[in-house]
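Subject: Structure for you to look through

Hello,

Please find the structure below, with my notes after it. Keep it open while you read.

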Amino acid sequence: MSRSQSYRLSPTTQGPSYPPSEIVDADGDFVVIGMINREGPSGGVERSWGSAIVSPKSDLPAFGEQLPYTVVRELGSELGPADEDMVLYTLPLPLPCNNYPMVFAPEQRPDANGIVRPSYPLHRAPIPDLRPEDGPKVTEPITLGRWVQAEGVLEVELTPDGRGAVFRMEFGGLVPNSLYTVMSLRQHDLDPAGPTRPGPLGVPNVFVTDEDGSASYRATMPHPFPAPGTPGANRIINVVVLWMSYQQNYGGAIGWFGLGGDIHAQLKLQKPEFHEFVTTE
């Protein structure tokens with residue numbers, strides 16, 4: 001059993017498969033950096049990490065299932081000048097191409113699924129109660145070229161008693177002078193038989209970047225890696241770094257609207273990890 005391990009986080013715009021991205025462009029198409037659903041050569045769905053513009057009119061399966069995305073065009077491994085300058089937007093509400101049966105802040109916003117709002121450029125998202133004289137720090141458009149500069153290193157280390165784990169992260173290239181949060185993804189959060197609500201990686205789960213987009217974060221989590229097969233086990237399998245377009249933290253919730261409405265995944269692991277760890281109660 002391992003006691004510590006380091007991981008490199010990857011730039012992304014994606015949480016789960018639907019909506020395909022937590023970012024759209026000015027036309028309302030999803031800007032996807034993450035797992036792309038494509039039709040396999042013999043039918044079915046093949047999923048691989050990549051980047052593409054995806055239509056919000058893509059076929060939507062039942063929660064937990066996958067269908068090929070309707071790809072408008074591929075972005076490729078290197079962005080061209082026009083794509084680098086692409087201004088990024090929040091998703092409109094209600095969220096398009098969404099099958100996630102979850103209210104993310106049931107005590108704070110139980111009505112979240114019934115709210116209607118347009119898409120906004122990220123730098124003009126409607127921060128609650130903001131006045132111009134209050135001095136907003138994010139005032140310039142956030143482009144795709146800026147977004148993909150994000151980088152992060154995660155170190156996980158079991159506590160000496162083996163009951164918990166310390167998550168340490170160092171970041172660079174994030175959006176400067178911005179509020180970010182970190183969420184944990186657990187193995188049953190996407191379970192169609194009974195999904196659990198994604199939660200913060202520590203509370204408070206907040207950090208603020210400096211003028212260069214650098215920051216660090218640390219959290220100690222209680223019993224995050226119960227042994228596989230343990231009754232009721234819900235292991236942490238990924239962590240996601242979220243840019244908060246409303247520049248708010250939500251306590252024990254990851255956001256009010258989630259999945260591109262007010263939280264926007266920018267860094268995560270490309271696949272489930274932490275198999276090498278086991279903690280005890």
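Before the rest, here is how to read the values. This is a predicted model, in which local features need pLDDT of at least 70 and side-chain atom pairs count only at pLDDT 80 or more, while totals for chains, interfaces and linings use all residues. Residues are numbered from 1 along each chain as its sequence is written, and side-chain values use heavy atoms, with hydrogens and water left out.

Pockets and the cavity

Both terms come from a 1 Å grid over the protein atoms alone: a cavity is a set of points where a 1.4 Å probe fits but cannot get out, and a pocket is an open set with protein on both sides within 12 Å along at least five of seven lines. Lining residues have an atom within 4 Å of a point. Grid points are joined across faces, edges and corners, and a volume is the space filled by probe spheres set on the points.

The largest pocket holds about 560 Å³ of space. It is lined by 31 residues, and G15, P16, S17, L185 and L190 are the closest to its centre. Strands β7, β11 (236-244) and β12 are the elements that give two or more residues to this lining. The largest share, four residues, comes from β11. Strands here are DSSP runs of E with at least two residues, helices are runs of H or I with at least four, and both are numbered from the N terminus.

Sorted by class, the lining of the largest pocket has 18 nonpolar, eight polar and five charged residues. In this sorting, Ala, Val, Leu, Ile, Met, Phe, Trp, Tyr, Cys and Pro are nonpolar, Asp, Glu, Lys and Arg are charged, and the others, Gly among them, are polar.

The second largest pocket has 18 lining residues, and I127, P136, K137, V138 and Q247 lie nearest its centre. Its lining divides into nine nonpolar, seven polar and two charged residues.

A search of the whole structure gives one cavity of 30 Å³ or more. The largest cavity has a volume of about 40 Å³, and its lining includes T90, L91, R117 and Y246. By class, that lining has six nonpolar, two polar and one charged residues.

Nonpolar cores

A nonpolar core is a set of buried Ala, Val, Leu, Ile, Met, Phe, Trp, Tyr and Cys residues joined through side-chain atoms within 4.5 Å. Buried means under 20% relative accessible area, exposed means over 50%, and partly exposed is in between (1.4 Å probe, protein chains only).

The largest core has 41 residues, and F167, F171, L201 and F274 have the most contacts inside it. A second, separate core of 35 residues includes L91, F104, L179 and V240. Contact means heavy atoms within 4.5 Å. Leaving aside neighbours within four places in sequence, F171 is in contact with residues including L9, F207, Y217, V241 and L267.

Q266 is in strand β12 (residues 263-268). Is Q266 buried or exposed? Q266 counts as buried because its relative accessibility is 0%. Its side chain makes a polar contact of 2.6 Å with that of Y180. A polar contact is a pair of N or O atoms within 3.5 Å; within protein, one must be able to donate a hydrogen and the other to accept it, and residues adjacent in sequence count only if both atoms are side-chain atoms.

G164 is in strand β6 and is buried, at 5% relative accessibility. G164 and V278 are 114 residues apart in sequence, yet 9.2 Å apart in space, C-alpha to C-alpha.

Backbone exceptions

Most residues other than glycine have a negative phi, and most peptide bonds are trans.

- Y18 and P19 are joined by a cis peptide bond, with omega about -5 degrees; P19 is in the loop between β1 (4-11) and β2 (30-39).
- V203 to P204 is also a cis peptide bond, with omega near 0 degrees.
- N177, not a glycine, has a positive phi of about 55 degrees, and at 31% relative accessibility N177 counts as partly exposed.
- F274, also not a glycine, has a positive phi of about 75 degrees; F274 is in the segment after β12 and is buried, at 0%.

Regards
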